[in-house]
Every structure is written in structure tokens, then in C-alpha cells.
Amino acid sequence: MAMLEIHDLEVFYGVIQAIKGISFKVNEGEVIALIGANGAGKTTILHTITGLLSPKKGRVIFNGIEISKIKSHKIVTMGMAHVPEGRRVFAQLSVLQNLMLGAFTRKDKAEIEKNLKSIYKRFPRLEERKNQIAGTLSGGEQQMLAMGRALMSQPNIILMDEPSMGLSPIFVNEIFGIIEEVSAGGTTVLLVEQNAKKALAIADRAYVLETGKITLEGKASELLDNDEIKKAYLGE
């Protein structure tokens with residue numbers, strides 16, 4: 001069943017059309033990868049889905065409800081979390097304070113505490129550094145914090161924007177391992193990622209975006225073997 005449906009989406013920045021009538025869906029339990037070059041419109045799509053941008057045309061449907069005109073903070077309460085590009089942790093706050101902000105829509109204190117323990121289990125570094133100021137963490141640790149903060153809202157779907165950007169190869173492998181764990185735990189994932197090889201290796205299906213249009217879609221394993229994709233995105 002489709003958890004998230006995008007229908008004929010058009011998004012503009014002033015007179016410039018960034019997204020040109022795209023449609024796709026994300027089924028419950030899937031990991032879906034959106035791949036494409038810089039400027040293809042990947043981040044714009046995520047911002048539109050999460051209510052940070054308004055589409056000129058088209059519909060975004062989440063769990064059967066159209067959310068195209070719903071404010072972003074309301075969308076969070078509906079079960080959608082967004083890990084933005086560049087991590088965007090609250091640099092002056094502690095790791096623990098950042099994580100608790102992820103649960104700001106929740107009132108169930110006992111469950112929040114339980115959830116926090118599970119986040120620490122998944123990200124042991126965050127527990128070790130729970131009283132450390134977030135801005136002093138390494139890039140990889142900040143990425144883990146951004147993911148942990150998003151998971152504190154107990155989302156049905158998590159949207160991740162370039163989670164491997166600027167990270168060392170060791171952290172990249174770790175982050176992708178965590179994405180697989182998140183998926184295995186029952187959370188649906190929509191992943192925007194420039195590291196196409198890594199993204200396709202863990203995704204169920206993928207969509208290739210070029211200048212605001214979807215030019216290719218299919219099973220991720222098949223796209224990994226696609227000569228066009230290899231040449232354009234995999235450096236082969």
C-alpha cells in the first residue's frame with residue numbers, strides 16, 4: 001500500500017520551474033532512493049513533501065490525506081520526519097536537548113524515555129556525548145544526532161537528504177548501515193543521496209531525477225546494473 005503519493009507535482013522558485021510535473025509513490029516499509037545530479041530538484045521535492053515549500057500544481061498524499069497545504073509542524077505530528085541536508089542540529093544545545101526537541105509533539109513521557117534508550121542503543125556515541133554541545137561533534141556524529149532527533153518523533157516515514165555528504169568513508173558506511181536498521185525496524189525511508197551506488201545498494205526501488213523530471217525508475221538492483229546509470233552516476 002502506498003504510504004506517500006506524489007501526483008503531477010510542479011514547484012517554482014519565482015519564474016523558474018524547479019519541479020516539472022513529477023509523480024511517484026513510496027509504499028509502506030520500502031526504502032526509496034531519489035538520485036540525480038546537483039540541481040536536479042531532489043531537495044526541492046523533500047521540502048515540498050514536508051510543507052516547507054508550496055507546490056504550484058499537484059498533490060502530496062500521506063496515508064490517504066492530502067498534505068499539500070498543511071503546515072510543516074502539523075505534518076510532523078502526522079508521522080513524517082525530515083533529516084535535512086547539512087544536518088541542521090541546534091549547535092548551542094546539548095546532544096540530549098537536541099534529541100528531546102525531536103519529541104516536542106509527544107506527551108507520553110514514559111514512552112519518550114523508552115524511545116531515548118532505544119536511540120542510545122542504536123547510536124552509542126550519542127549516549128557517550130549526551131551532555132556535549134552539539135556544535136562540537138564531528139560531522140558524522142552530527143548526522144547521527146540529526147537522525148536520532150528525527151526518530152524521537154516516532155515517524156512512520158523518515159525523509160533523509162544527503163545523509164552521507166561530507167563524511168569520511170567509515171562514517172558513510174556506518175550511516176548507511178543505520179538506515180538499513182531503521183528500515184528493518186519498520187520505518188519507511190525516502191532517501192535523497194548523491195552517492196548513488198550506496199543508495200541503490202540499500203534501496204528497494206529508485207527514481208532518477210534530471211532537471212526537475214523523473215527520467216528513469218525501477219528496482220534499485222536493476223538500476224545498479226543499468227549502463228546509463230553506471231556511466232552518469234557510478235563512475236563506471
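Leaving aside residues up to four places away in sequence, Pro55 touches Leu9, Glu10, Val11, Thr48 and Ser68; contact here means heavy atoms within 4.5 Å. The model is predicted, so local features need pLDDT of at least 70 and side-chain atom pairs pLDDT 80 or more, while totals for chains, interfaces and linings use all residues. Residues are numbered from 1 along each chain as its sequence is written, and side-chain values use heavy atoms, without hydrogens and water.

**Exercise 1.** Find where Pro55 sits, and decide: is Pro55 buried or exposed?

*Solution.* 
- Step one: look in the loop between α1 (42–49) and β4 (57–62), where Pro55 is found. Helices (H or I, at least four residues) and strands (E, at least two) are DSSP runs, numbered from the N terminus.
- Step two: take the relative accessibility of Pro55, which is 18%. Buried means under 20% relative accessible area, exposed over 50%, and partly exposed in between, with a 1.4 Å probe and protein chains only. Pro55 therefore counts as buried.

**Exercise 2.** Work out the strand order of the six-stranded open sheet, and say which strands stand at its edges.

*Solution.* 
- Step one: trace the order β6-β7-β8-β3-β9-β10, with mixed pairing. Two strands pair if DSSP finds at least two bridges between them.
- Step two: β6 (80–83) and β10 (213–219) each have a single partner strand, so they stand at the edges and one side of each lacks a neighbour in the sheet.
- Step three: from one strand to the next, the twist averages 15 degrees. Axes are lines fitted to C-alpha atoms, for helices over the stretch in contact, and angles run from 0 to 180 degrees between N-to-C directions.
- Step four: zoom in on β7 (residues 157–161) and β8 (residues 188–192), a parallel pair with five bridges. Asp161 stands opposite Val192 in β8.

**Exercise 3.** Describe how helices α6 (residues 139–151) and α7 (residues 169–184) pack.

*Solution.* 
- Step one: the helices meet at an angle of about 15 degrees, with axes 10 Å apart.
- Step two: α6 and α7 are therefore roughly parallel, given that angles under 35 degrees count as roughly parallel, over 145 as roughly antiparallel, 65 to 115 as roughly perpendicular and the rest as oblique.
- Step three: list the contact residues, including Met144 and Met147 of α6 and Phe171 and Ile175 of α7.
- Step four: sort the contact by class, giving eight nonpolar, two polar and two charged residues. Ala, Val, Leu, Ile, Met, Phe, Trp, Tyr, Cys and Pro count as nonpolar, Asp, Glu, Lys and Arg as charged, and the others, Gly among them, as polar.
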